[in-house]
Amino acid sequence: MRRVFLAGVVVMALLLSGPSLAAQGLPPKPVRLTMAVVAGGETKGLKAILPMWEKEMGVKVELVEFPYPTLYEKLVTAFQANAATYDLLIADDPWMPKFGAEGWLTPLDTEFGYKRDPDIFPVVYDLGTWPPPRGPVPPTEKGKARHLYAITLVGNVEFFMYRKDLVSAPRTWNDVIANAKKVHDPNKPLYGFVIRGAKGNPVISEFTPVLLSFGARIFDDNWKVILNSKEAVAALRFFTKDLKQYAPPGVANYDAAERAREVATGRAAQGFIWPAEITDIVENPSVSKVVGKMGYALAPAGSGGKRGPLIGNWLLAVPKASKNKRWAYEFILWATSAKVQKPYALGGGIPFRRSILTDSELNTKFAFFTAMAASLAAPAEWRPRTQEWFAVEAILGTHVNAALAGIETPENAIAKAAAEIEKHMREAGYYK
Amino acid sequence: MTAAARIRRLTPYLLVGPPILLLFALVAYPMLYNIVLSLRNYRTGEFVGLHNFARVFDDAIFLSSIKATLTYIVLAVGIELVAGLGLALFIHRKVPSGLVRSLLYLLMILPMVTPPVAAGVIARLMYTPNYGIINLALRGAGLIDRDIEWLSTAPTAMFSVLSVDIWQWMPFVFLVAFAGLQAVPQDIVEAAKSDGAGGWHLFRYIEFPYLQSLLLLVLVFRVTDTFRVFDHVLVLTGGGPGSATEFLSVYLYRVAFKFFDLSYAAAISFYILAAASVVFTLLQRWLVTEAVM
């Protein structure tokens, strides 16, 4: 009698846990999934969809939030200790080379049989794949089997914004200068172009699309530094002279907050932008004077017609040490599905699926989605896929910032940066 | 040997053992690890001898960061000492009211308990062109007609990071010097005054000897602190523009946590340790000599 009762309890429990899940052969539900995330606007959409997941699947997801630099350090520490601290994580895409090379993540293709979805831009899969499927591969990674380790959740990509009530959509850098000239009046004040020029990552995020659109590159396909070129010098001269003359004073120390503030207060007419700054500040009626006045477009093209929108996705991945890998994977599938991406976008998230970014209903509410879709399809450019990127960015970011502040000439800044990057790459074992 | 005697014999070891183990774990082990790290290539684990130590001589940013650090230490500590001491003398001589003095203590403690990161964030807002309070005030007073780009040119960026340090730590010098002045026997001061000693002579020959060892101690503390200045600089300028405010501590952070070149960072840290040891040995000797005298 007791056995019959126990069997009944087991059957009931299985039924309650959902017949579909039982059929999929999922392991028992964990008490919770712990997820390391960045603190800030990037997780707004995620927070909006979590109650849906918990209701649908009956598994709690606990978010552990860290500021941007701390998140990286916490993840690396947990990985190095092989600790099962996190079941899921959200990682900035330039972290992928380090995480991929160290083998800290679970491959989603071989481990779970992930199937590619045509609704997802190819660049998204390229970002989450290691070793990189295109471009140069770091010497230590050559010959390694290629796997998909992560899928985008936050479809961040850098594109262009302009005051559509004052100027027309710029297609080229010449159009940007013409627009700036038309509206620039420091006495109002209204500045023609705002630059996020602070040393390091900020100025490099801003300068890279200019550099690429002028036809310059940092490395060739064998990691040889080819930065010291006339195209790169021309790009930096354009950035630090032609664009800067229309910028507010002090932009050599401007970060994203200062840039968004200049635009939102109606003091700047053009500039680059990342999606989170739009939803948080520029199109937020409680802090912005320019709601509905901004137009969004693909990054302007250089004289050769090349554009360089910069990608900066946040990716979902499962650490190798996680004890709940399968459920973590289920969460990734669920959160990135077309069904969930719509409420995710409506909840303030930055989506990445083609069908969502081109959805007419969403485009009425989020005018920048079309520019995002165009940028992702371009395809958006990524930072060179090397574990040394942070060093390269720090070196180049110091000299570009020095040129912007007038401490170094564009020629000197490019020459010094190229020499220092080459020295660093040599120390890192990229050249024999 | 009886059990009691055995326990008695072991007791000193049991008492001393844990702190020694703790000291080894927290000081000796990291130091040894750092030595090993500095002699290897962190990425490959290969032994490279003194290569990492030699790299600094070909590293323009390291050399410029030494210059920036020395400039910062000399200016910050110098201004804090002179201003803190001057203010302490002024209050000691000219403000007898207990209430005013108590209010001043309170005001002086506030900057010291402000986290350097918060001080940096506030200063960043204050120094921002266009809407920063400093430019607004200068424009309002008719002193400037166009905004000063405080954080975007080399000399003004250095001034800006210095100003936060001085705002935060000049009160420390003031409080120590003021406390020291209270210990100067009033009968000696009165006797000197009746012998015709003026303000400067009173300070030089009566008050300063009482303050000397305290000021040296303050000097040691402040040099140590300014040597490892980091938080507010990172928030305020990030070491920029260019490398203008890239002090040794900021550069070391960049090499270790941006370049992930931990071996080179370990070698740099030994140079910093050596330089700091020389400075502190000299200061300590001076302090001991003055205390004996």
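In chain A, 75% of the contacts with a separation of 6 or more are between residues 24 or more positions apart; two residues are in contact if their C-beta atoms, placed from the backbone, lie within 7 Å. The model is predicted: local features need pLDDT of at least 70, side-chain atom pairs count only at pLDDT 80 or more, and totals for chains, interfaces and linings use all residues. Residues are numbered from 1 along each chain as its sequence is written, and chains are lettered from A in the order in which they are written.

**Overall fold**
- Chain A holds 19 helices and 10 strands, taken as DSSP runs numbered from the N terminus (helices: H or I, at least four residues; strands: E, at least two).
- The radius of gyration of chain A, taken over C-alpha atoms, is 23 Å, close to the 22 Å that the globule rule gives for 432 residues, so chain A is as compact as a globular protein of that length. The rule is 2.2 Å times the number of residues to the power 0.38.
- The C-alpha trace of chain A spans about 90 × 55 × 35 Å along its principal axes.
- Buried residues make up 53% of the 432 in chain A; a residue is buried if 20 or more other C-beta atoms, placed from the backbone, lie within 10 Å of its own.

**Sheet E8-E7-E9**
- Three strands of chain A form an open sheet in the order E8-E7-E9, with antiparallel pairing; two strands pair if DSSP finds at least two bridges between them.
- Strands E8 (270–273) and E9 (294–297) of chain A are at the edges with a single partner strand each, so one side of each has no neighbour in the sheet.
- Neighbouring strands are turned by 30° against each other on average, direction ignored, with axes as lines fitted to C-alpha atoms.
- Strand E7 (residues 159–163) of chain A is joined to E9(A) by 4 bridges, and A:Met161 stands opposite A:Tyr296 in E9(A).

**Helix H10**
- H10 (residues 230–243) of chain A has 14 residues and reaches 18 Å from first to last C-alpha, close to the 20 Å expected at 1.5 Å a residue (1.5 Å times one less than the number of residues).
- Among the buried residues of H10(A) are A:Glu231, A:Phe238, A:Phe239 and A:Leu243.
- The cover over the buried residues of H10(A) includes H8 (173–183), H9 (201–213), H18 and H19 of chain A.

**Contact with chain B**
- 22 residues of chain A are in contact with 22 residues of chain B.
- Helices H18 (389–404) and H19 (410–427) of chain A each supply at least two residues of the side that touches chain B, and H18(A) gives the most, with 6 residues.

Technical notes
Axes are lines fitted to C-alpha atoms, for helices over the stretch in contact, and angles run from 0 to 180 degrees between N-to-C directions. A residue is buried if 20 or more other C-beta atoms lie within 10 Å of its own, exposed if 12 or fewer, and partly exposed in between; C-beta atoms are placed from the backbone.
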